[in-house]
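Welcome! Here is a short tour of a protein model, taken one neighbourhood at a time. Have the sequence and the 3D view open as you read.

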Amino acid sequence: MADPHNASAGILHSRILHSRPWQIAMIGLGTATTQLDTAVNIAFPAITRGFDLAIGDIQWVVICYVLAYASLLLALGRIGDTIGHAVVFRAGLVCSAVAFLLVGYAPSYGAMLAFRCMQGIGAALVLSCGAALVTNLYGEERRSRALGIYTMMMALGLMLGPLLGGVLVAAWDWPAVFWFRIPIAIAALLLLRGVPAPAPRAARDPFDIAGGIALALGLVTMLLAFNRIRELSAIWLGLLSAMAFAGFVFRQSRAARPIIDFAVFRLPGFAVLNLVSVLANLAAFSVWLLVPYYLTRVTGYSLGESGAILASGAAGAALAAPIGGRLIGQRMSAERLALAGAAGIGAGLILLSAWTEQTPTALRVAGLVVQGIGLGLFQLAYTDIVTAALPLGDRGVAGSLALLTRTLGTVAAASIVLMVFEILHLQHGFFDAFHQTFQLAALLAFASAGLLALSSRRIGHP
């Protein structure tokens with residue numbers, strides 16, 4: 001059945017041609033407010049001192065933020081498809097700007113965590129509709145190129161976060177890693193005008209509130225179960241999550257317009273692809289978890305130099321994504337590019353597993369860049385496949401699904417990778433544990449590539 005949104009394509013095209021570069025830049029600027037949150041990691045020691053916390057307590061700065069945005073992505077993606085992507089995106093910028101201000105002025109640690117939840121809601125509003133806005137600007141025939149540019153913009157934000165974080169904390173203390181994003185959000189909000197988009201469909205497609213609540217509860221409890229994987233409470237959280245997801249599935253089977261149509265997972269290889277996305281991102285996120293600790297044990301690097309080395313992986317992703325966007329449809333399929341990307345992640349992690357205290361800086365950077373290139377290619381190709389598999393009117397849901405599986409992988413990594421590393425560290429010491437953990441992460445990335453290769457039919461197509 002043809003999507004009614006296609007009828008507006010011709011009307012939008014003439015508006016897109018002259019305004020696209022500027023509007024894409026503003027979408028990228030707005031999206032950067034979420035990706036620059038990597039600057040907060042550099043501020044952890046200062047936050048710990050500022051609120052007189054135990055080191056273990058700092059994890060809630062991350063948990064509150066991730067739980068808020070991950071649990072809301074799919075639901076807000078559907079709302080964007082219903083009332084308009086630009087409306088949701090702008091609401092996210094407003095919510096984020098207010099949250100950045102409040103977090104920096106938080107009078108207590110509890111208040112800070114509450115405002116971090118608010119920041120997570122703003123991030124979910126922005127991220128759920130960013131990819132949809134970009135693909136609307138480019139049109140269906142250039143979807144892959146649009147997603148390549150969007151993936152590049154997200155990677156640039158990740159890259160700049162660690163570079164800016166150290167400078168900001170040194171100059172103005174930890175609140176600066178939040179406050180510096182306020183003018184970025186405001187500028188994107190004011191300058192992002194006249195974005196062409198299909199007409200909203202609120203009257204015909206009401207949002208499934210009960211399904212959204214069940215989905216959010218299922219995701220929150222699942223992510224908390226990952227976080228508590230070494231504790232008995234993980235079992236109860238897992239059971240609660242399973243019950244919530246069962247309720248969500250039941251609700252979706254009866255909703256007039258479900259948040260996500262589960263029929264898409266019956267397409268050949270589509271469910272496997274989403275599993276691979278979780279596993280590949282689990283493997284790749286080991287870099288952000290372990291490399292900073294390695295660099296602190298190697299003499300000769302300043303904080304700025306360590307941040308630059310760590311950021312080189314995101315630079316590789318930013319370089320690869322737009323190139324991959326041009327390759328799809330011209331020289332190779334998105335499925336093959338996803339396979340190559342997963343294999344590239346594994347290759348980069350193997351190079352990292354060979355690091356010693358004598359490894360030259362150039363070789364360290366090379367390993368991170370290779371891993372980053374693989375990740376950039378995989379994320380681009382995966383998002384393109386998911387976007388193509390879902391109807392045109394479900395672009396918000398498609399972009400949100402891509403981000404959700406990525407987030408599930410990173411949260412799982414924060415629990416599983418660190419657990420494996422700590423066990424190996426106790427048995428063999430830091431450097432052997434570092435090498436072995438990255439070898440296991442590389443094996444997982446190669447296994448992900450193998451799963452894709454074993455898919456005998458084209459992923460996401462009947």
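Predicted model: local features only at pLDDT ≥ 70, side-chain atom pairs only at ≥ 80, totals over all residues.

- Start with Ser400, which sits in helix H17, the stretch covering residues 395-428.
- Is Ser400 buried or exposed? Ser400 counts as buried because its relative accessibility is 0%, and the cut-off for buried is under 20%.
- A polar atom in the side chain of Ser400 is 3.4 Å from the backbone oxygen of Ser128.
- Once neighbours within four places in sequence are set aside, Ser400 is in contact with Leu73, Leu74, Gly77 and Ser128.

**Helices H16 and H17**

- Two packed helices are described by the angle between their axes and the distance between the axes.
- For helix H16 (residues 361-389) and H17, the axes come within 9 Å and cross at roughly 140°.
- The crossing of H16 and H17 is right-handed.
- On the H16 side, the contact is made by Gln379, Tyr382, Thr383, Val386 and Thr387.
- On the H17 side, Arg395, Ala398, Leu401, Ala402, Thr405 and Arg406 take part.
- Sorted by class, the contact of H16 with H17 has 5 nonpolar, 4 polar and 2 charged residues.

- Now look for Ser277, found in helix H12 (residues 270-284).
- Ser277 has a relative accessibility of 1%, so this residue counts as buried.
- Which side chain joins that of Ser277 in a polar contact of 2.9 Å? The partner is Thr405, a residue that also belongs to the contact of H17 with H16.
- Not counting residues up to four places away in sequence, Ser277 touches Phe378, Tyr382, Thr405 and Arg406. Among them, Tyr382 of H16 and Arg406 of H17 take part in the contact between those two helices.

**Aromatic rings**

- How many aromatic pairs are there in the model? The count comes to 14.
- A pair of aromatic rings is described by the distance of the centres and the angle of the planes.
- One of the pairs is Phe434 with Phe438, an edge-to-face pair at 4.8 Å centre to centre with 65° between the planes.
- Phe434 and Phe438 are both buried.
- Ring pairs also link Phe434 and Phe438 into a cluster with Tyr294, Trp355, Phe421, Phe430 and Phe431.

Conventions
Residues numbered from 1 in each chain as written. Heavy atoms only, no water. Helix = DSSP H or I, 4+ residues; strand = E, 2+ residues; numbered from the N terminus. Buried < 20%, exposed > 50% of the residue type's maximum accessible area, 1.4 Å probe, protein only. Polar contact = N/O pair within 3.5 Å; in protein donor to acceptor, adjacent residues only side chain to side chain. Contact = heavy atoms within 4.5 Å. Axes fitted to C-alpha atoms, helices over the stretch in contact; angles between N-to-C directions. Left-handed = near helix turned anticlockwise from the far one by under 90°. Nonpolar A, V, L, I, M, F, W, Y, C, P; charged D, E, K, R; others polar. Phe/Tyr/Trp six-rings, centres within 6.5 Å; stacked < 30°, edge-to-face > 60°.
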